[in-house]
Amino acid sequence: NSRYFLTAVLRRDGSSRFGANSRYGTFPAFSAAWRLSSEDFMKSVTFINDLKVRAGWGQMGNSNNVDPNNQYSLYSSSIGTAAYDISGSNNAVAEGFYRSRIGNADARWETAETSNIGIDASLLNGKYEVQLDFWRKDTKDLLFQVPIPAVIGVAAAAPSVNIASMRNQGIDIQLINHGYFSKKVKYDITWNSSFLKNEITYLAPNITYFAGNGYRGINPIRNA
């Protein structure tokens, strides 16, 4: 007969994928719920066996899409890519070095901030179950490898930089019906439905678009 629920979490994460300026991130989260069906004013509503309203908010950091060397500017040697006849003999070359990666020591954690409000209900002695969720996820400081001008070095890998923010929001609905065909044969019927909207809400200055690789056979086309 518990009526009130409260949970709080505080994460402090660190990753060597980021430079010293932004190596650590703090990500709080909490959730709360109220079981209305345990309140005295709900006792007269006999067709509701269980009714709970819940809400939550939290942040989560992401570093998975950052190369471990993203913070460093690196150089490589190759006689085929970087060579020069430094002695002027016209018949021998010396192996040189070229920039193979451009570093970004100021890259920050991607931060996903999620909030939701939901309702869980059990009706008619458990014959029907209803679950309804309204949720929103705002991801800021999206990390992406922005193409670099060729004059910087065609062989250099571009660094991941924080360039955008994105919002995902939607509604999830689940309805379940429990019943019996006979005393020995039981059935469960579940219906799920979701409504989803995705939107890029911010692009960094001088960034007008960004495009990535295809995913699961879907290759987006953008107009430059």
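E39 counts as buried, because its relative accessibility is 8% (buried is under 20% relative accessible area, exposed over 50%, partly exposed in between, with a 1.4 Å probe and protein chains only). This is a predicted model, in which local features need pLDDT of at least 70 and side-chain atom pairs count only at pLDDT 80 or more, while totals for chains, interfaces and linings use all residues. Residues are numbered from 1 along each chain as its sequence is written, and side-chain values use heavy atoms, with hydrogens and water left out.

**Salt bridge of E39**

- E39 forms a salt bridge with R3, with 3.3 Å between the closest N and O atoms (a salt bridge is a side-chain nitrogen of Lys or Arg within 4 Å of a carboxyl oxygen of Asp or Glu).
- The pair links distant parts of the chain, 36 residues apart: E39 is in the loop between β2 and β3, and R3 is in the segment before β1 (strands are DSSP runs of E with at least two residues, helices are runs of H or I with at least four, and both are numbered from the N terminus).
- R3 is partly exposed, because its relative accessible area is 33%.

**Salt-bridge network at R54**

- A search of the whole structure finds 9 salt bridges; R54, D120 and D133 are linked in a network of them.
- D120 forms a salt bridge with R54, the closest N and O atoms being 2.8 Å apart.
- This pair joins distant parts of the chain, with D120 in strand β8 (residues 110–123) and R54 in strand β3, 66 residues apart.
- The side chains of D133 and R54 meet in a salt bridge at 2.7 Å, N to O.
- This pair also links distant parts of the chain: D133 lies in strand β9 (residues 128–145) and R54 in strand β3, 79 residues apart.
- D120 is buried at 19% relative accessibility, R54 is buried at 18%, and D133 is buried at 12%.

**Strand pairing**

- Strands β1 and β2 (residues 24–35) run antiparallel and are joined by 11 bridges (two strands pair if DSSP finds at least two bridges between them).
- Strand β2 also runs antiparallel to strand β3 (residues 48–62), with 7 bridges.

**Nonpolar surface patch**

- Y4, W34 and F41 form a nonpolar patch on the surface, with about 370 Å² of accessible area together (patches are made of residues with over 30% relative accessible area and no salt bridge; like charges are joined within 9 Å, and nonpolar side chains, Val, Leu, Ile, Met, Phe, Trp and Tyr, within 5 Å; areas come from the Shrake-Rupley method with a 1.4 Å probe, and for residues only the protein chains shown count as cover).
- Y4 lies in strand β1 (residues 4–14) and stands opposite W34 in β2.
- Y4 counts as exposed, because its relative accessibility is 57%.
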